[in-house]
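Grab a pencil and have the model open beside you.

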Amino acid sequence: MTSSATGQKIAFLGTGKIGEALLSGLLRAGKDPADVLVTARRAERAEELTTRYGVTAVSNAEAAELADTLILAVKPQDMGVLLQDLAPHVATDRLVVSAAAGIPTTWFEERLAAGTPVVRVMPNTPVLVDEGMSVISGGSHATEAHLLRAEEIFRSVGKALRVPESQQDAATALSGSGPAYFYFLVEAMIDAGILLGLPRTVAHDLIVQSAIGASIMLRDSGEHPVKLREAVTSPAGTTIAAIRELENHGVRAAMLGALEAARDRSRELASGGK
């Protein structure tokens with residue numbers, strides 16, 4: 001951890017899969033377990049976390065009083081109950097970080113003491129393997145120092161990108177939900193391999209390694225995806241025949257529509273929709 005985090009206490013309120021992934025990643029990055037607090041609704045879950053990671057389990061009120069940064073990692077539908085319990089204890093010198101989809105920083109600011117800094121983060125599930133993409137936006141009271149602190153935490157489990165909060169719904173559609181689209185595509189390609197006569201295990205290994213290799217090339221080559229695709233697409237070859245079928249079936253248009261639907265749903269959740 002950098003010097004900015006030295007001695008800073010961090011509390012995780014809600015330690016499901018994403019919360020625990022953030023917790024474990026932070027510890028792997030060098031955070032002292034003595035400076036990490038957790039809360040849990042069930043006593044057995046609290047005991048499990050303290051045994052596994054050497055952190056301290058506390059109540060929500062104690063977390064607010066002891067920690068410099070509060071990471072709220074509960075489901076959006078549970079955030080209201082958590083804030084009711086937490087808000088009376090949060091001083092304005094605490095940083096509140098929300099990792100709940102669809103809830104704007106203004107929602108938290110209205111329920112916390114005036115001037116409390118809030119940062120909104122949308123991580124995705126690859127944080128579980130330290131390859132997450134977290135999108136970060138600051139509320140009206142969040143300073144540059146607060147944003148840097150949030151970025152440092154989430155970079156322990158992947159990459160972090162700062163965007164205006166007005167872009168959070170679009171970012172949720174692309175990266176928050178993004179892994180599901182790739183899993184869906186891989187699933188379809190494996191089924192196609194079976195249709196073409198390959199055993200499922202062989203089709204799985206071929207497609208998964210192809211996906212990993214293509215992703216690394218996209219990340220490390222600096223090339224536009226069109227250029228990388230064209231490098232595989234020889235005249236009158238197999239690849240262009242497949243791409244023609246994808247275009248004929250409107251796959252590109254379907255993807256555009258799917259991402260718009262995901263963005264619109266994020267907006268509905270933010271406005272209280274169910």
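Predicted model: local features only at pLDDT ≥ 70, side-chain atom pairs only at ≥ 80, totals over all residues.

**Exercise 1.** Work out in which order the eight strands form the open sheet, and which strands stand at the edges.

*Solution.* Residues are numbered from 1 along each chain as its sequence is written, and side-chain values use heavy atoms, with hydrogens and water left out.

Step two: find the elements. Helices (H or I, at least four residues) and strands (E, at least two) are DSSP runs, numbered from the N terminus; two strands pair if DSSP finds at least two bridges between them.

Step three: read off the order, which is 3-2-1-4-5-6-7-8, with mixed pairing. Strand 3 (56-57) and strand 8 (158-162) are at the edges; each has a single partner strand, so one side of each lacks a neighbour in the sheet.

**Exercise 2.** Trace how strand 7 connects to strand 8.

*Solution.* Start with the pairing: strand 7 (residues 132-138) and strand 8 run parallel, joined by five bridges. Val 135 has Leu 161 of strand 8 as its bridge partner. Now follow the chain: it leaves strand 7, passes through helix 6 (residues 144-154) and reaches strand 8, a right-handed β-α-β crossover (with the strands pointing away from the viewer, the path from the first strand over the helix to the second runs clockwise).

**Exercise 3.** Which residues of helix 2 are buried, and what do they pack against?

*Solution.* First, sort by accessibility: buried means under 20% relative accessible area, exposed over 50%, partly exposed in between (1.4 Å probe, protein chains only). In helix 2 (residues 43-53), the buried ones are Arg 45, Ala 46, Leu 49 and Tyr 53. Next, look down the axis: these buried residues fall within an arc of 100° (taken from the directions from the helix axis to the C-beta atoms), so they line one face of the helix. Turned away from that side are the exposed Ala 43, Glu 47 and Thr 51. Finally, check contacts (heavy atoms within 4.5 Å): the buried residues pack against helix 1 (17-28), strand 2 (36-39) and strand 3.

**Exercise 4.** Where does Asp 130 lie, and is it buried or partly exposed?

*Solution.* Asp 130 sits in the loop between strand 6 and strand 7. Its phi is positive, about 60°, although it is not a glycine. With a relative accessible area of 27%, Asp 130 is partly exposed.
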